[in-house]
Amino acid sequence: MTSSLSNRKIVVGVTGGIAAYKTAELVRLLVKAGAEVHVVLTEGGAHFVTAVTFQALSGNPVWTDAWDARMDNNMAHIDLTRGADAVLVAPASADFMSKLAHGMANDLLSTLCLARDCPLLIAPAMNRQMWENPATQRNVRLLRDDGIALLGPDAGDQACGEVGNGRMLEPEDIFEGLVAFLSPKLLAGRRVLMTAGPTFEAIDPVRGITNISSGKMGYALAQACARAGAEVLLVSGPVALDTPYGVSRIDVHSASQMHQAVMHHVAAHDIFIGVAAVADYRPVEVATDKIKKTGAEMSVALTRNPDILAGVAALPSPPFCVGFAAESRALDEYAEGKRVAKKLQLVVGNLVQDGMGGDDNRVTLYDAAGRHPLPAASKIEVAQGIVEHLARMLPARAPH
Ligand code: CTP
C-alpha cells in the first residue's frame, strides 16, 4: 500500500448494516496507510459493532451522539469535518442514503454530512431488493447529482441468503476507491492498454516454459494508472494476483494469445505499456498427449514468438509506447538500445536482482531526453513515479 493517505484526515461514518463488521478492517487499512481516522457511528451502526472496536483501531474517540459533551464547544458536527480530506460512509444503509438525498440532519452523522465542506463518498450495503427498489435508485441519482461518490455496491452472496446487487465492496476495494478518489488525475480521459505477468508456452498438456515474473510490477502500474484516472485494460499472463480496483482484465496464457488480445484492442487505446515478461520462443509443436521419458536426453524445438511491443510501436498510428527492460548487467546500454530498436517513447529499466518477484523495485527511466533514475521504493510507489513521468511526456489532448 502507498503512503498517499499519510496525514490525510478521514471521517468514517458507520450506519446500521451487517457489513459494518467489515468497516473495522477498512479503518485498520486506513490507519496503516498513515491516515488520521475519526469514526462516527449511527445508533444503528452501534448495534452491529461497538465504539470500543473502532476506538481501538483508529486510536481516536468514537462519536455517536450529536449531544456528546466531550467536544468543548458542543459542535461535533462541525469540528469533526474541519480540515478533513473526505467523509466516507461505509456501510451506507438504504435509510441513510435516503436521509442524505433529502438533506435530513437528525443525528450526528447526517448532520455532519450536511455541514461538511469536503468530498463525501459512500459504500452502499443492503439487501438486493432494497437496492433495486425505485425509491433507492431515485436516491442514488439524487446523490450522484449532488456530487456524492458511490463506491459499489457489489453483486454476490448476501448476508440474508440471497444473491444479487447490494453487497458492500470489500474493505480493500473501498480503500482503493478512496485512494483513487484523492489521487491527482494525471491520466484523466486516457485509455491505457497493458500486458503483465509471465507467459506460459505449453510443451504438452502438463508441461510448459515460463519464467519467474510475478506480475506485481505490471499490476502496480495498472493500479497507479487507474488511480490517475485512466481507463485501464490489462492483458495478463498467469499470476496469483487480484485485479486492481477499477481495472479491466483479460487472462491469457501464451505469448500468441497475448499478442492476439493486444492487437484486437490496441486501436481503442492511446497508451500501450508492455510490462509482461513475454517468452521469446515457444515450442514448434505442442504434444497432444503427455510426453513419456525415453532416452537420456531430449530436446524441444523452439520458434520465435512475435514481439508484441515492437509490433504495437510499428503500427501506422501507434499509441504512446512504454516498454520494460529487465537486465542482469549493462542496464543503460541494453535499455536505451531497446528504446531505440523498438521505437519506444519510454523504457523502464531495472536490474533483475533489484526487482523481479519482490515487493520493492529500483528503476531508471530512459527517454529521448536521457536517463532518469527513480528512488528505490515499493512497486506501487515506483509505479506512481512512472505515471508522473509518463503524464509529463504525453502530448496535450485534442479538445473533443
Ligand atoms: N516484449 C513483448 N513481446 C515479446 C518480448 C518482449 O512485448 N515477445 C516486451 C516486454 O513486455 C518488455 C520489452 O518488450 O516491455 C522487453 O524487451 P525484450 O527485448 O524482449 O526483452 P527480453 O525478452 O528480456 O530480450 P532479450 O532477451 O533480448 O534481452
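Pro91 has its place in strand 3 (residues 86-92); helices (H or I, at least four residues) and strands (E, at least two) are DSSP runs numbered from the N terminus. This is a predicted model, where local features need pLDDT of at least 70 and side-chain atom pairs count only at pLDDT 80 or more, while totals for chains, interfaces and linings use all residues. Residues are numbered from 1 along each chain as its sequence is written, and side-chain values use heavy atoms, with hydrogens and water left out.

Back to Pro91: the peptide bond joining Ala90 to Pro91 is cis, with omega at about -5°. Another cis bond runs from Gly152 to Pro153, omega near 5°. Pro153 belongs to the loop between strand 5 (149-150) and strand 6 (154-157).

Next, the backbone phi angles. Asn7, in the segment before strand 1 (9-14), isn't a glycine, yet its phi is positive, near 65°. Asn7 is exposed, at 71% relative accessible area; here buried means under 20%, exposed over 50%, and partly exposed in between (1.4 Å probe, protein chains only). Ala330 isn't a glycine either and has a positive phi of about 45°. Ala330 sits in the loop between strand 16 and helix 13 (331-341) and, at 28% relative accessibility, counts as partly exposed.

Now for the ligand. The ligand sits in the largest pocket. A pocket is an open set of points on a 1 Å grid over the protein atoms alone, where a 1.4 Å probe fits, with protein on both sides within 12 Å along at least five of seven lines; a molecule sits in one if more than half of its atoms lie within 2 Å of its grid points. Helix 12 (308-313) and strand 16 (320-327) are the elements that give two or more residues to the shell around the ligand.

There are 13 residues around the ligand, and Gly274, Ala276, Pro306, Leu309 and Phe324 come nearest (near means a heavy atom within 4 Å). The shell splits into 7 nonpolar, 2 polar and 4 charged residues, with Ala, Val, Leu, Ile, Met, Phe, Trp, Tyr, Cys and Pro taken as nonpolar, Asp, Glu, Lys and Arg as charged, and the others, Gly among them, as polar.

As for polar contacts (pairs of N or O atoms within 3.5 Å), a backbone N or O atom of Pro306 lies 2.9 Å from a ligand nitrogen. A polar backbone atom of Phe324 is 2.8 Å from a ligand oxygen, and a polar side-chain atom of Lys338 is 3.0 Å from an oxygen atom of the ligand. Taken alone, the ligand exposes 580 Å², and the protein buries 73% of that (Shrake-Rupley method, 1.4 Å probe).

Definitions and conventions:
Polar contact = N/O pair within 3.5 Å; in protein donor to acceptor, adjacent residues only side chain to side chain. 1 Å grid on protein atoms, 1.4 Å probe; cavity = no way out; pocket = protein on both sides within 12 Å on 5 of 7 lines; lining within 4 Å.
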